[in-house]
Amino acid sequence: MRATGHLLAATAVTLKVGVVFWVLVAWRTPGGEPWDAPAFWTVVYPIALGIAAVLGACFPRRAWLWGLLLMVLQVPVVAVVSGFGPLLLAGLVYALVLAVPAMVVAAAAGALRLRLHGRV
């Protein structure tokens, strides 16, 4: 598969997985904002980091991008579920901060995949 096709496929998979994950989290969270969930730091965020690792391992080229995209997808899901509010920009900044560890995890998983299985 050409690099462009690979990038598009990885983006499509990440978008689908991310939207489904954050919709399920928002559905189970009072108010629909994942970062307000009582179990965000103990359950939701670790699962999101695990998903970022899997995406990074599955799509090792630009693996950091899948962690970023996964975490930023919280914001449009919250906007659709809860509506646009004055704190939406703060939610975007918060999602970007939360994306940093996800980017590191995804990049590390992608690098490990490339090291163990050779270049893709």
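Guide: In this predicted model, helix α2 passes helix α3 in a right-handed crossing. Two packed helices are described by the angle between their axes and the distance between the axes. Here, α2 spans residues 40-58 and α3 spans residues 63-72; the angle of packing is about 145°, and the axes lie 8 Å apart. On the side of α2, the contact is made by Tyr45, Ala48, Ile51, Ala52, Leu55 and Gly56, while α3 contributes Ala63, Trp66, Gly67, Leu70 and Met71. Sorted by class, this contact has 9 nonpolar and 2 polar residues, and no charged ones.

The loop between α2 and α3 is the place of Arg62. Most residues other than glycine have a negative phi. Arg62, however, has a positive phi, near 55°. Is Arg62 buried, partly exposed or exposed? Its relative accessible area is 48%, and Arg62 is therefore partly exposed, as this value falls between the limits of 20% and 50%.

Within helix α3 itself lies Leu65. Leu65 and Asp36 are 29 residues apart along the chain, and a distance of 25 Å separates their C-alpha atoms.

The description may now pass to helix α4. The buried residues of α4 are Gln74, Val75, Val77, Val78 and Ala79. Just after α4 comes Gly83, where phi is positive, at about 95°.

The largest share of the lining, 4 residues, comes from α5. The space in the largest pocket amounts to about 180 Å³. There are 13 lining residues, and those closest to the centre of the pocket are Glu33, Trp35, Leu87, Leu88 and Gly91. By class, the lining of the largest pocket divides into 7 nonpolar, 4 polar and 2 charged residues.

Key: Residues are numbered from 1 along each chain as its sequence is written. This is a predicted model: local features need pLDDT of at least 70, side-chain atom pairs count only at pLDDT 80 or more; totals for chains, interfaces and linings use all residues. Side-chain values use heavy atoms; hydrogens and water are left out. Axes are lines fitted to C-alpha atoms, for helices over the stretch in contact, and angles run from 0 to 180 degrees between N-to-C directions. Helices (H or I, at least four residues) and strands (E, at least two) are DSSP runs, numbered from the N terminus. A crossing is left-handed if the near helix is turned anticlockwise from the far one by less than a right angle, and right-handed if clockwise. Contact means heavy atoms within 4.5 Å. Ala, Val, Leu, Ile, Met, Phe, Trp, Tyr, Cys and Pro count as nonpolar, Asp, Glu, Lys and Arg as charged, and the others, Gly among them, as polar. On a 1 Å grid over the protein atoms alone, a cavity is a set of points where a 1.4 Å probe fits but cannot get out, and a pocket is an open set with protein on both sides within 12 Å along at least five of seven lines; lining residues have an atom within 4 Å of a point. Grid points are joined across faces, edges and corners, and a volume is the space filled by probe spheres set on the points. Buried means under 20% relative accessible area, exposed over 50%, partly exposed in between (1.4 Å probe, protein chains only).
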